[in-house]
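Please report on the local features of the structure shown here.

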Amino acid sequence: MMDFLYDLLQCLVALAAIAFILVLVLAHVTATVVDLTRHEKEKSFPTAPGWKELLPSIHDPASKELSVIVPAYNEELRMPSMLEEAMDYLEKRRKRQPSFTYEVLVVDDGSSDRTSEVAFQYTNKFGADKVRVLTLVENRGKGGAVRMGAMSCRGRLILMADADGATKFADYEKLEAALEAISPKPDNMAITCGSRAHLEQDSVAERSMFRTFLMYGFHFLVWFFCVRGIKDTQCGFKLFTREAALKTFSLLHVERWAFDVELLYIAQCFKIPIGEVAVNWTEIEGSKLVPVWSWLQMGRDLVFIRLRYLTGVWRLDSPRKTD
């Protein structure tokens with residue numbers, strides 16, 4: 001009996017080793033390096049009907065206090081309420097604090113609806129210096145859209161904010177205060193993340209056991225493979241110093257749901273300090289994330305992120321073309 005159990009254990013260990021090698025090889029051979037070269041139409045933004053202007057670069061010195069990057073894919077219905085709330089906050093702050101300057105950059109991620117047209121209405125209302133619309137020729141994924149916006153912004157600070165308005169925009173001040181409080185900031189690099197972790201118990205009560213299992217499984221994979229010390233990596237409300245955004249986004253490979261995890265993984269590899277702040281958050285109908293399938297895709301991506309850096313197919317010192 002003992003011999004049988006020993007042989008069985010050996011077989012299981014061998015199978016586990018073979019499975020690991022196969023996954024390692026698959027992660028390596030399927031890895032791609034994202035081409036950051038822009039289509040000609042993605043190098044400019046409309047300032048008025050029939051008029052366009054070249055987009056700036058994150059490599060240029062900052063000329064605004066804050067850039068708000070809003071990734072948007074088929075968001076013509078949900079985006080207006082978010083932009084109304086954001087512009088109301090930003091305009092009021094500008095009035096009470098004249099030194100506060102800002103821009104909102106809506107990145108239309110290859111939408112098939114009127115997302116760009118709806119966003120451009122805010123350019124007409126507030127001016128192209130305050131609201132800019134970058135329309136991508138093809139859908140890249142949320143991570144790709146955020147990166148394209150970040151690489152085209154003018155802000156000293158760069159805020160990533162979802163188009164659905166799930167997070168109360170005024171909570172930006174919480175992220176800002178936490179970011180400014182981080183000390184020291186190596187090479188002026190720091191990040192603060194909005195967090196919904198304080199709401200988790202209430203949300204668990206409303207979920208099925210299977211979805212709760214997937215959620216906790218995803219949290220474990222994030223902790224085990226990529227990011228330690230951050231309770232909520234996926235909240236779409238994050239604030240970067242310009243230097244931290246340049247360092248992390250210029251090395252980003254993952255363009256879809258797990259991109260936040262790779263961003264924070266890169267940041268931790270470079271020892272960029274990361275803060276986490278509880279924010280108000282409300283579930284908005286119309287999410288593009290498919291609960292089970294998207295979580296499985298993200299789980300796969302988490303494993304591949306770690307293995308691709310481990311095998312050297314992705315490198316933290318590789319120059320990336322960003323034109």
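## Cysteines

C269 is partly exposed, because its relative accessibility is 34%. In this predicted model, the cysteine sulfur closest to that of C269 belongs to C226 and lies 9.2 Å away, too far for a bond. C226 is buried, with a relative accessibility of 7%. Seen from C226, the closest cysteine sulfur is that of C269, again at 9.2 Å and too far for a bond.

A disulfide is a covalent bond between the sulfur atoms of two cysteines. With a cut-off of 2.5 Å between sulfur atoms, the count is 0 disulfides.

## Salt bridges

The model has 20 salt bridges. One of them pairs K64 with D129, whose closest N and O atoms are 2.6 Å apart. K64 sits in strand β3 and D129 in the loop between α3 and β5, so this pair ties together parts that are 65 residues apart in sequence. K64 counts as buried at 13% relative accessibility, whereas D129 is partly exposed, with a relative accessible area of 39%.

A second pair is R114 and E76, with 3.8 Å between the closest N and O atoms. The loop between β4 and α3 holds R114 and the loop between β3 and α2 holds E76, so the bridge ties together parts that are 38 residues apart in sequence. R114 is partly exposed, with a relative accessible area of 42%, and E76 counts as partly exposed at 24% relative accessibility.

D171 and K174 form a further salt bridge, at 3.6 Å from N to O. D171 counts as buried at 5% relative accessibility, while K174 counts as partly exposed at 37%. Elsewhere, salt bridges with shared partners link K64, E103, D129 and R154 into one network.

## Helix α3

Helix α3 runs over residues 115-126 and has 12 residues. From the first C-alpha to the last, α3 reaches 17 Å, close to the 16 Å expected at 1.5 Å a residue. Just after α3, G127 adopts a positive phi of about 100°.

Which residues of α3 are buried? They are T115, S116, V118, A119, F120, Y122 and T123. These buried residues pack against the strands β1 (44-48), β3 (64-72), β4 (102-108) and β5 (131-135), and against helix α2 (79-96). Strand β3, one of these packing partners, is also the strand in which K64 lies.

## T241 in strand β8

T241 belongs to strand β8, which spans residues 237-241. Is T241 buried or exposed? At 3% relative accessibility, T241 counts as buried. With neighbours within four places in sequence left aside, the contacts of T241 are R156, L157, L179, N188, M189 and A190.

## Nonpolar surface patch

F220, W223 and F224 make a nonpolar surface patch of about 340 Å². Of these residues, F224 lies in helix α7, which covers residues 209-226. F224 counts as partly exposed because its relative accessibility is 45%. The cut-off for membership of a patch is over 30% relative accessible area.

Note on methods:
Residues numbered from 1 in each chain as written. Predicted model: local features only at pLDDT ≥ 70, side-chain atom pairs only at ≥ 80, totals over all residues. Heavy atoms only, no water. Patch = residues over 30% accessible without salt bridge, like charges linked within 9 Å, V, L, I, M, F, W, Y side chains within 5 Å. Areas by Shrake-Rupley, 256 points an atom, 1.4 Å probe, with all protein chains shown as cover. Salt bridge = Lys/Arg side-chain N within 4 Å of Asp/Glu carboxyl O. Helix = DSSP H or I, 4+ residues; strand = E, 2+ residues; numbered from the N terminus. Buried < 20%, exposed > 50% of the residue type's maximum accessible area, 1.4 Å probe, protein only. Expected span 1.5 Å × (residues − 1). Contact = heavy atoms within 4.5 Å.
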